[in-house]
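Dear colleague,

I am handing over the structure we spoke about, with the sequence alongside.

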Amino acid sequence: MLPEWSDKFSVHNEIIDQQHQTLFKLAHKAYKIANAHTTRNEVKSIITEFFDYMKTHFRDEEQYMQIIGYPRLEAHKKIHRALIADMASMVKNIHSANEIKDKILVIARDWLLTHILQEDMLIEKYRKEQIESGATCEVKEVKYYYYTCGCPGKEHKLTESTHLFASRSSNPITCKGCHQQIRFKEQR
């Protein structure tokens with residue numbers, strides 16, 4: 001069974017944490033599909049959704065690592081590229097529904113969650129060490145997009161790649177508070 005999202009997996013960056021939570025949800029969805037009677041197209045659909053969201057998340061995470069001056073950025077980027085390449089190759093070379101189901105379990109359990117639970121926790125460890133040592137990070141300008149929901153006066157701040165994902169995805173992003181879909185608001 002896959003672990004549930006917990007604050008112990010937080011990297012203390014709202015956008016990255018929200019994306020990790022979405023990836024956990026997708027992993028659980030993939031796990032359920034892989035363990036149920038489903039068609040090849042249903043399974044391929046979740047893999048495609050996973051794949052698209054991983055690419056968006058990796059871009060944002062790499063931007064975050066650059067902002068905080070993470071020393072293992074290049075090595076982490078290589079891991080991201082390998083995950084994307086492996087997944088793309090896997091999707092292209094699948095021939096049966098059962099084969100897809102086996103592969104999706106690998107994606108959900110081994111690649112994604114191992115990556116978050118191990119590699120991404122190293123980013124958080126570095127961030128904590130920087131705070132404890134009193135170091136400051138030079139913050140580069142990042143473009144944000146603002147969304148609203150049903151919560152009075154609340155705004156959701158998304159990076160450009162997350163905004164693009166939200167505007168193109170058939171799976172809407174919802175507010176954790178009111179559980180309504182967030183809607184794009186004019187840029188500032």
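This is a predicted model: local features need pLDDT of at least 70, side-chain atom pairs count only at pLDDT 80 or more; totals for chains, interfaces and linings use all residues.

Strand S1, which covers residues 144–148, pairs with S2 in the antiparallel sense over five bridges. Within this pairing, Tyr 145 has Leu 158 of S2 as its bridge partner, while Tyr 146 stands opposite Lys 157 in S2. S1 and S2 form a hairpin with six residues between them, and in the turn Gly 153 has a positive phi of about 75 degrees.

His 156 also belongs to strand S2. With a relative accessible area of 8%, His 156 falls under the 20% limit and is therefore counted as buried. If its neighbours within four places in sequence are left aside, His 156 is in contact with Tyr 145, Tyr 146, Tyr 147, Thr 148, Cys 149, Cys 175 and Ile 182.

Turning to helix H1 (residues 14–34), its 21 residues should span 30 Å at 1.5 Å a residue, and the C-alpha atoms at its ends are 30 Å apart, which agrees. The N-terminal end of H1 is capped by Asn 13, which has a side-chain oxygen 3.2 Å from the backbone nitrogen of Ile 15.

The segment before H1 holds both Ser 10 and His 12. A polar atom of the Ser 10 side chain lies 2.9 Å from the backbone nitrogen of His 12, and His 12, although it is not a glycine, has a positive phi of about 60 degrees. Is Ser 10 buried or exposed? Its relative accessible area is 9%, and since the limit for a buried residue is under 20%, Ser 10 is buried. Leaving aside neighbours within four places in sequence, the residues in contact with Ser 10 are Trp 5, Asp 17, Met 121 and Glu 124.

Next comes the largest pocket, which holds about 580 Å³ of space. Its lining is made up of 24 residues, and those nearest its centre are Gln 18, Thr 22, Lys 25, Ile 173 and Thr 174. Two or more lining residues come from each of H1, helix H2 (40–68), S2 and helix H5 (160–168). Which element gives the most to this lining? That element is H1, with nine residues.

Phi of His 179 is near 65 degrees, a positive value in a residue other than glycine. His 179 has a relative accessible area of 60%, and because exposed is taken as over 50%, His 179 is exposed.

With best wishes

Technical notes: Residues are numbered from 1 along each chain as its sequence is written. Side-chain values use heavy atoms; hydrogens and water are left out. Two strands pair if DSSP finds at least two bridges between them. Helices (H or I, at least four residues) and strands (E, at least two) are DSSP runs, numbered from the N terminus. The expected span of a helix is 1.5 Å times one less than its number of residues. A polar contact is a pair of N or O atoms within 3.5 Å; within protein, one must be able to donate a hydrogen and the other to accept it, and residues adjacent in sequence count only if both atoms are side-chain atoms. Buried means under 20% relative accessible area, exposed over 50%, partly exposed in between (1.4 Å probe, protein chains only). Contact means heavy atoms within 4.5 Å. On a 1 Å grid over the protein atoms alone, a cavity is a set of points where a 1.4 Å probe fits but cannot get out, and a pocket is an open set with protein on both sides within 12 Å along at least five of seven lines; lining residues have an atom within 4 Å of a point. Grid points are joined across faces, edges and corners, and a volume is the space filled by probe spheres set on the points.
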